[in-house]
Amino acid sequence: MASQAARKMDSGFAAWLRRDLLLAYRRSGEVASPVIFFIMVSTLIPLGLTPEAAQLEKVAAGMIWVMALLATLLSMDGLFTSDYQDGSLEQMLITPQLLPLPLLGKITAHWLTTGLPLTLVSPLLGLMLSLPSVGYLPLVCSLALGTVCLSLVGAVGAALTVSLRKGGLLLSLLVMPFYMPVIIFGTATVSYAVDGLNWLPPLAILGAMFAASVALCPLAAAGALRVTASN
Amino acid sequence: MSWLSDKFSSTLSGGPSKESPSWQWFYRLGSPRWFYQRSGQWLPWLSLVALLVLATGLVWGLAFAPEDAKQGNSFRIIYIHVPAAFLAQSGYFIMAIAGAIGLIWKMKMSYMVMKAAAPIGAVLTFIALFTGAVWGKPTWGAYWVWDARITSMLILLFLYAGVMALQYAYHSVDAASRASAILALVGTVNIPIINKSVDWWYTLHQPATIKLTSAPSMHMDMFMPLLVMIVGFYLFYAVALILHTRNEILRRERKTSWVRELVTAKAGG
């Protein structure tokens, strides 16, 4: 009886989180590609702009943020695609639990496999792009908070385009405008620190964005999936 | 009686007879046929008023309003720029509200209004950006400046583009309407950021000149024609929205008998 009650209490969050992490572990090659993309594109910047440290220093924070955004965007397309194709998305839609909670589990798994690795790799890229060392901690903090927002907002876009054959490009088009405030305050956090200002205010705004998107995005994604997955 | 039943079957399951009379207009508004017929009656008058107000505002603003002390005659583009920017932003709200009504009350009529509002809003946003660029050259010395308000208008243009792209991506009319309604609602989150952006990233652009709570910082002789132009743009927007919606009604209802009758009557006459 106790186990039955516990199963009733389970919102589906933990189950979907565990499932997606397990799937990611079994396809670790796929999971690594956003991080590899992140590192490879950073090689293009000295080649395309300039190898001079003084020049790179100015653009480092913004560039790392742009690359993190693009890497997240590339990985966003796959969030629901395989579930939609093998039918497990429909199973999720007909479960008695509230839909936003299993979705939040999926999004958390997505962040743990893309946003978190990107955040952890970012100081290395900061070093390569000669970001001043005071910028490392703000960079990691802002990416940790900001990439969660990117995953959450991206999930709404992924839900809106899941049943479209060429959804990937459209997804970027839909989601990019919503990423712009995140990148503004993400880079502001780092550049404030580099300029010797208090970098907590922009980080706090990122935190507010995180709070708002964690509350609203799963609801919007659930509403979107109910529309799109039935088509 | 048959037209009555197909008229209301498309909107809500309950007919108008069950509801109190004060709500009937709301249900009637949900009927594409009723809207098409009624808007056909309003349209000539509304277009006439819009034309008159726009002509008055333009002549007043371009010919009679005093020259600006610093900018000379180049400031007169404000009479296009500001109303377009106004409508670009309110147009997004109109689109999102129409989408929300569609999602909540399942009115297909409001989805048609939403679809019609997207391209109009996008064009107005483009006009605001374009006139801003033309104005920027003599004032700031550059066509494009990465200023907070310009950037948020550009983001608004992207938001419109997203709604339109999603609308055309789906073959099913129902999925297209509901998906883009959700996107439009999510996009409204961006509008407060646009309005706050003036305070956040104040750079080159002057702060908002028109405030509802305090007296305008413009001279009254310059401000009055601007007000007329804003009203004129709202009227023009209403005309354009009704025309686009009527088009959409005919396209979506092309298989119903009343549209066929309308088309054959037009072809015969």
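The model is a predicted one. Chain B has 10 helices and 0 strands, and its pattern along the sequence reads α-α-α-α-α-α-α-α-α-α.

Chain B has 269 residues, and 46% of them count as buried.

The size of an interface is often given as the accessible area lost when the parts come together. For chain B and chain A, the area buried between them is about 1800 Å². Carbon and sulfur atoms carry 84% of that buried area. In terms of residues, 21 from chain B are in contact with 21 from chain A.

Across the interface of chain B and chain A there are 0 salt bridges. The polar contacts found across this interface come to 1 residue pair, with both residues at pLDDT 80 or more. On the side of chain B that touches chain A, at least two residues each come from helix 6 (148-169), helix 7 (173-187) and helix 8 (190-200) of chain B. Helix 6 of chain B gives the most to that side, with 8 residues.

## Thr161 of chain A

Thr161(A) is placed in helix 8 of chain A, which covers residues 136-161. Its relative accessibility is 4%, so Thr161(A) counts as buried. The side chain of Thr161(A) comes to 2.9 Å from the backbone oxygen of Gly157(A).

What is Thr161(A) in contact with, leaving aside its neighbours within four places in sequence? In chain A, the residues in contact with Thr161(A) are Gly167(A), Leu170(A), Leu171(A) and Leu174(A). In chain B, they are Leu166(B) and Tyr170(B).

## Salt bridges

Side chains of opposite charge can pair when their charged atoms come close. Over all chains, the whole structure holds 9 salt bridges. One of them is formed by Glu253(B) and Lys108(B), whose closest N and O atoms are 3.0 Å apart. Glu253(B) lies in the loop between helix 9 (220-252) and helix 10 (257-268) of chain B, while Lys108(B) lies in helix 5 (residues 108-140) of chain B, so this pair ties together parts that are 145 residues apart in sequence. Glu253(B) has a relative accessible area of 9% and is therefore buried. Lys108(B), at 26% relative accessibility, counts as partly exposed.

Glu248(B) takes part in salt bridges with Arg251(B) and with Arg252(B). The N to O distance is 3.2 Å for Glu248(B) and Arg251(B), and 2.7 Å for Glu248(B) and Arg252(B). Both pairs are found in helix 9 of chain B: Glu248(B) and Arg251(B) are 3 residues apart, about one turn of the helix, and Glu248(B) and Arg252(B) are 4 residues apart, also about one turn. Glu248(B) and Arg252(B) are both buried. In chain A, salt bridges that share partners join Arg19(A), Asp20(A), Asp83(A) and Lys106(A) into one network. The relative accessibility of Glu248(B) is 8%, whereas Arg251(B), at 41%, counts as partly exposed.

## A nonpolar patch on chain B

Which residues make the nonpolar surface patch of about 480 Å²? The patch is made by Leu58(B), Val59(B), Trp60(B), Leu62(B) and Phe64(B). Leu58(B), one of these residues, is found in helix 3 of chain B, which covers residues 32-64. Leu58(B) has 32% relative accessibility, so it counts as partly exposed.

## The loop between helix 5 and helix 6

Val145(B) sits in the loop between helix 5 and helix 6 of chain B. Is Val145(B) buried or exposed? With a relative accessible area of 12%, Val145(B) is buried. Val145(B) and Ala133(B) are 12 residues apart along the chain, and their C-alpha atoms are separated by 8.4 Å.

Conventions:
Residues are numbered from 1 along each chain as its sequence is written. Chains are lettered from A and ligands numbered from 1 in the order in which they are written. This is a predicted model: local features need pLDDT of at least 70, side-chain atom pairs count only at pLDDT 80 or more; totals for chains, interfaces and linings use all residues. Side-chain values use heavy atoms; hydrogens and water are left out. Patches are made of residues with over 30% relative accessible area and no salt bridge: like charges are joined within 9 Å, nonpolar side chains (Val, Leu, Ile, Met, Phe, Trp, Tyr) within 5 Å. Accessible areas come from the Shrake-Rupley method with a 1.4 Å probe; for residues, only the protein chains shown count as cover. A salt bridge is a side-chain nitrogen of Lys or Arg within 4 Å of a carboxyl oxygen of Asp or Glu. Buried means under 20% relative accessible area, exposed over 50%, partly exposed in between (1.4 Å probe, protein chains only). A polar contact is a pair of N or O atoms within 3.5 Å; within protein, one must be able to donate a hydrogen and the other to accept it, and residues adjacent in sequence count only if both atoms are side-chain atoms. Contact means heavy atoms within 4.5 Å. Buried area is the accessible area (1.4 Å probe) that two parts lose on being put together, summed over both.
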